[in-house]
Amino acid sequence: MAQLDVRQKLEILADAAKYDASCASSGTSKRDSRGATKGIGSTEGMGICHAYAPDGRCISLLKILLTNSCIFDCHYCINRKSSNVRRARFTAREVVDLTLAFYRRNYIEGLFLSSGIIRSSDYTMEQLVEVARSLREDHHFRGYIHLKTIPDADPGLIEAAGRHADRISINVELPTAAGLERLAPEKSASRIQGAMAGMKTAIEDGKDASRRYPSAPKFAPAGQSTQMIVGADAANDRDIVHTASGLYDRFALRRVYYSAFSPIPDASAVLPLKRPPLLREHRLYQSDWLMRFYGYRPGEVAQATDEQGMLPLDIDPKLAWALKAREQFPVDVNRAPRELLLRVPGLGVKAVDAVIASRRWRKLSLADIGRLSRSITKLRPFIVTTDWRPTALIDRIDLRARVTEQLELFGA
């Protein structure tokens with residue numbers, strides 16, 4: 001490997017980390033103050049992304065790989081052994097120094113660190129843990145740390161990662177075990193899930209210790225998350241929804257991230273030639289949101305899919321489900337319980353809470369609901385108010401055509 005300086009390594013390893021969605025980054029337009037007479041800052045800083053803490057704060061993270069070299073040859077990965085990409089590797093000390101340097105300049109509030117696998121899973125995991133350990137113990141770093149762990153590594157090393165990191169994550173990689181076996185034969189779905197189960201137990205033990213002993217050290221207080229690639233194998237959206245639901249239930253995950261497969265240079269012949277529509281990734285995030293915050297069961301979300309098991313791209317999953325479950329509508333906004341109001345397309349959580357708060361004092365009209373929603377025209381078929389009843393509108397064959405303009409799932 002050619003000798004590279006730290007800046008060159010940062011350029012390579014920050015770019016390589018962009019494929020990891022587990023540290024969600026908010027997209028924005030490119031801006032740079034260089035050469036300008038006024039202004040400061042840039043949105044193009046290498047390796048700096050934005051993530052959101054559990055309390056809603058937006059935090060900036062240094063997002064890099066320890067190395068993009070790897071002994072595995074997963075077909076979908078740009079860093080796979082047979083890939084013809086430029087390689088680089090940080091030492092643990094270099095990552096620590098970079099993190100502290102960025103932090104002291106107020107560029108970042110934390111670190112997201114992942115890695116290709118070098119020498120062995122245990123050796124790679126030791127390096128990742130050493131970065132977090134040194135930051136915490138040698139430099140008393142109080143910023144946010146997210147470590148991507150290696151599922152094949154010794155459980156003691158993964159447990160050590162949880163002692164130093166705020167959040168840990170283990171990628172399930174693909175929605176189905178068959179897809180993983182085909183595209184990443186050196187990885188095992190059972191080993192990945194075993195590691196996730198072990199981390200769930202460790203997190204629960206840590207919470208129990210904190211309740212019993214307030215001085216007990218925190219253990220991965222931000223929990224664990226995972227990521228799966230969408231569109232690289234034959235799994236449809238129905239499969240993905242059921243897999244995600246199972247992961248939430250079995251391993252108490254904070255988040256499942258979906259990453260649309262992106263064709264890579266010198267791609268394997270077993271991969272699709274085209275990437276799936278990015279809108280598919282968005283629809284999956286919306287369906288995930290329905291299960292986590294709107295009380296939908298996985299089977300109900302699956303009802304929104306078509307004969308091929310795919311979510312429609314022209315309307316959001318909530319509307320797609322409502323059009324197939326018309327017997328549950330219209331909903332009387334002045335009497336319906338919260339869980340039914342959350343099923344109304346166009347009513348978000350804030351709007352529903354506002355409806356419930358308002359109807360304690362007065363009956364709500366269509367105009368009142370209109371002030372709580374940005375899509376009252378599309379709401380009409382699904383609600384009853386003091387001055388509005390849709391009569392046979394909900395049964396119209398052309399109802400979908402009437403509401404094809406995209407509803408805002410999170411509107412209002």
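Axes here are lines fitted to C-alpha atoms, for helices over the stretch in contact, and angles run from 0 to 180 degrees between N-to-C directions. The model is predicted.

Helix 3 spans residues 121-138 and helix 4 spans residues 155-164. Their axes come within 9 Å and cross at roughly 25°. Angles under 35 degrees count as roughly parallel, and helix 3 and helix 4 are therefore roughly parallel to each other. The crossing of helix 3 past helix 4 is left-handed. On the helix 3 side, the contact involves Asp122, Met125, Glu126, Val129, Ala132, Arg133, Arg136 and Glu137. These residues meet Leu157, Ala160, Ala161 and His164 of helix 4. By class, the contact of helix 3 with helix 4 holds six nonpolar, one polar and five charged residues.

Helix 6 (residues 189-212) and helix 7 (residues 237-251) form another pair. Their axes come within 9 Å, and the crossing angle is roughly 40°. Helix 6 and helix 7 are therefore oblique to each other. Helix 6 contributes Gln193, Met196, Ala197 and Lys200 to the contact. Helix 7 contributes Leu247, Arg250 and Phe251. Four residues of the contact of helix 6 with helix 7 are nonpolar, one is polar and two are charged.

Helix 1 (residues 6-16) also packs against helix 2 in this sense: the two axes come within 12 Å and cross at roughly 90°. Angles of 65 to 115 degrees count as roughly perpendicular, so helix 1 is roughly perpendicular to helix 2. Val6, Lys9 and Leu10 of helix 1 meet Glu94, Leu98 and Phe102 of helix 2. The contact of helix 1 with helix 2 has four nonpolar and two charged residues, with no polar ones.

Helix 5 (177-183), helix 6 and helix 7 each supply at least two residues of the lining. Helix 7 gives the most, with four residues. By class, the lining has eight nonpolar, four polar and one charged residues.

Two backbone features fall in loops. A cis peptide bond joins phenylalanine 329 and proline 330. Its omega is about 0°. Proline 330 lies in the loop between helix 10 (317-324) and strand 8 (331-332). Asparagine 106 has a positive phi of about 65°, although this residue is not a glycine. Asparagine 106 is placed in the loop between helix 2 (92-104) and strand 3 (110-114).

Note on methods: Residues numbered from 1 in each chain as written. Predicted model: local features only at pLDDT ≥ 70, side-chain atom pairs only at ≥ 80, totals over all residues. Heavy atoms only, no water. Parallel < 35°, antiparallel > 145°, perpendicular 65-115°, else oblique. Left-handed = near helix turned anticlockwise from the far one by under 90°. Contact = heavy atoms within 4.5 Å. Nonpolar A, V, L, I, M, F, W, Y, C, P; charged D, E, K, R; others polar.
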